[in-house]
Amino acid sequence: MNLQELAKQKRKSSISSTTTNFVPKFSSIPHSPSIVSPLNKSTNILIPTKNISSPSLNIKNSLPKQRIISNTYASNLPFKKPSKTSPNIPKMLPYRSKSNDTRAQNSPFLKNSLLSAPSEFKEIEKHKLRALIRRFHDSYDEVTKSENDLRLLIETNGGLPLPDNEDESKKIRSLIWKVLLRIKSIDSDEYLKSLKACPSKSFSKIKDDVFRTLATDPKFKKAVPDKVLIRILNAIVCCGESDSRFPPRYVQGMNALLAPFSFVLNEPSAFFAFKQFLLAHCPSYVRPFLPGVIAGAHLVDECLAELDPELFVHLHLNGAKGVIYAYSSVMTLSAGVPPLDQLLRLWDYYLASGVHLNIVCIVAQVQSIRDLLLTSNRPNEILRVLPRLNASSIIRRSRKLYKELPKRVRDLLKGHTIDIDLATSISNKSPCLNLTSSFLVSNVCKNDILGYKSLSLNTPNTSLNSTQANNNESSHEFLPTNKPKRRKMPTNLGLGIKPNSPASSLIKNNNAPSVRNFNPNQHNRVRNDLQNWVSLEKD
C-alpha cells in the first residue's frame, strides 16, 4: 500500500471515532412509524429523549429566530417597509395615536373594527351568560358566587344580555327568573288543585280589573289572554283564604304585578313564580290598605329630599307629593310605563338586586326632567305621565343614587317591602325615623324661608294665559294685543337659605339634618332674578 491510501484510512478511522464519541444514545418511541434515513436507507431514525443534552446538538440555535411583534406599534407588523425615496407611502406611526386619526378614518379595515367594537362587546356578554347557565356547582359557595356573577352581569348590561331571537331570549329569561326566585320544581297538580277551589270571593273584582292590564300594549294582549290572568289571580286569592302568608283578598295592583310573569312564563310557571314573588319579595304591597305602597310613595319624597332638596321643596310647595305622582309606579313596580321590552329588563334588575330599588329608579326618572319641573308651577301635570323607560340609563343612574343615600334610608328601603309594621310607621311619618322630608316640610316650606310665597309663584294668576285673558276683557274685541315677550325662567340657580333665617338656627341648635345644595351667597341674586321674571310675566 502506498502512503496516500494509508492517509485516507487514517482519516476515515478518525471521523468514525469522533462521531461515536459525540453522538448521544437514542431511545425509540413505541408504535412509531419507521422513517427512512437519507444517509442509510436500511436504518431507522430514532428520536432522542428529552432529558439528554449534548454540546454538539444545539437545537435552540438551529431553529429559526421568532419575530417578536409589539402591540403598540404598527411598524412591527409584517408589512412592507416604506422606502425613503418614495414620497407617496406614509411613514408608519404608533397605533391609535392622535396623528393617526385621519388615517384611521380613511382606512376601511380600521373603520370596520371601530364600528364592530360595541357588537363584539355584546357578543362577549351573551357568551358570559351562556357560560353562566351551563356552569355546574358542587357546593353552596359556588352557587353564591354564580348568583353574584349573574347580578353583576345584569347591573352592568342594564338587564340580561339576551340573544336577538325572541323565542330563545324568552326561554333564557324564564330560566333565569326561576333561578332568581329560587323555584326548584313546578307541580302542575298543585296548580290544578288551586283552580278547583275557584272562584274566589274576589272573582267579580278581578274580572272587572283584568282588562286594564297593559291595555295599550298590543304585544302583551296578543301573548296573554285575559282568561289566563283571571285564573292565576283567582288561584292566588284562594291560596290566601287558607294560608295567612298570602293576600286574603284581591287588592289593586296585583294584576299589573302578574303581567311580566304571565308574559315571560307559561301559566303553571307564572302561578308559582308570582306566588313566590308575593311571599318573599313584596308581601306588604298586597296586604289590605296597601301599607307597603304608601310607605314606598313616602320614601320617594325621602330619597328626593336627601338627593335633591331644592327640587323636593319646589315640588312640595306646588302640591306635587310622592303619594300623588309616584303612587301608581310604586304599586305596579313601574309596570304601567311603556315600552314592554325595557320593562322586562328593569324587572331583571329588580329580581336580581331587590324590589326596593324601584323607589330609586322612580327618583332617577324624576331627576331626568329636573329642569322642566323647576320651570313649571304645575309639576303634577308633567309628572302625571313619567318618561318612557330606558332600562340601561335608569339602572346606571339608580346605582349611582343608591350609593349616595345614607345607610338609614337604605335600611328603610330594604325593610318597607317585607316588614308591615315598618311600612306602617313610615306611612304615619313616625318622629323616631328622623325623616329629612318631614324636617324640610315643617321648617323650610311652612316658614317660607326660600321666599316662594312672597314671589307668588304658586298662584295661578301669575301664568301668562290668565294675564292675557284679563287684559283681553278690558280691551276691544277686534284690536290686536301686543303680547309681552316670554322669558325663560332660570333653572340651574342654587336657591339658598339666609344665614340669619329660622332654618339655620334650627340646624345649629337641634342638630337636624343639614339641607344640601343650598348656597347662602347666591340667595339674593336668585331672588332678584325670580322677581324680575315674575314682574315680566305680570306686565
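Author: A polar contact here is a pair of N or O atoms within 3.5 Å; within protein, one must be able to donate a hydrogen and the other to accept it, and residues adjacent in sequence count only if both atoms are side-chain atoms. This is a predicted model, in which local features need pLDDT of at least 70, side-chain atom pairs count only at pLDDT 80 or more, and totals for chains, interfaces and linings use all residues. Residues are numbered from 1 along each chain as its sequence is written, and side-chain values use heavy atoms, without hydrogens and water.

Reader: Thanks! With which side chain does the side chain of S200 make a polar contact?

Author: Let's start with the setting: S200 sits in the loop between α8 (188–196) and α9 (203–210), these helices being DSSP runs (H or I, at least four residues) numbered from the N terminus. Leaving out residues up to four places away in sequence, S200 touches I206, N234, V237, C238 and E241 (contact: heavy atoms within 4.5 Å). At 2.8 Å, the polar partner of the S200 side chain is the side chain of N234.

Reader: Is S200 buried or exposed?

Author: The relative accessibility of S200 is 7%. Buried means under 20% relative accessible area, exposed over 50%, partly exposed in between (1.4 Å probe, protein chains only). S200 therefore counts as buried.

Reader: How many salt bridges are there?

Author: A salt bridge is a side-chain nitrogen of Lys or Arg within 4 Å of a carboxyl oxygen of Asp or Glu. Some of these share partners, and they join E123, K126 and D164 into one network. By this rule, the count of salt bridges is 20.

Reader: K128 forms a salt bridge with E125; which helix holds K128 and E125?

Author: The closest N and O atoms of K128 and E125 are 3.3 Å apart. K128 is partly exposed at 44%, whereas E125 is buried at 4%. The two are 3 residues apart, so about one helical turn separates them, and their helix is α5 (residues 117–133).
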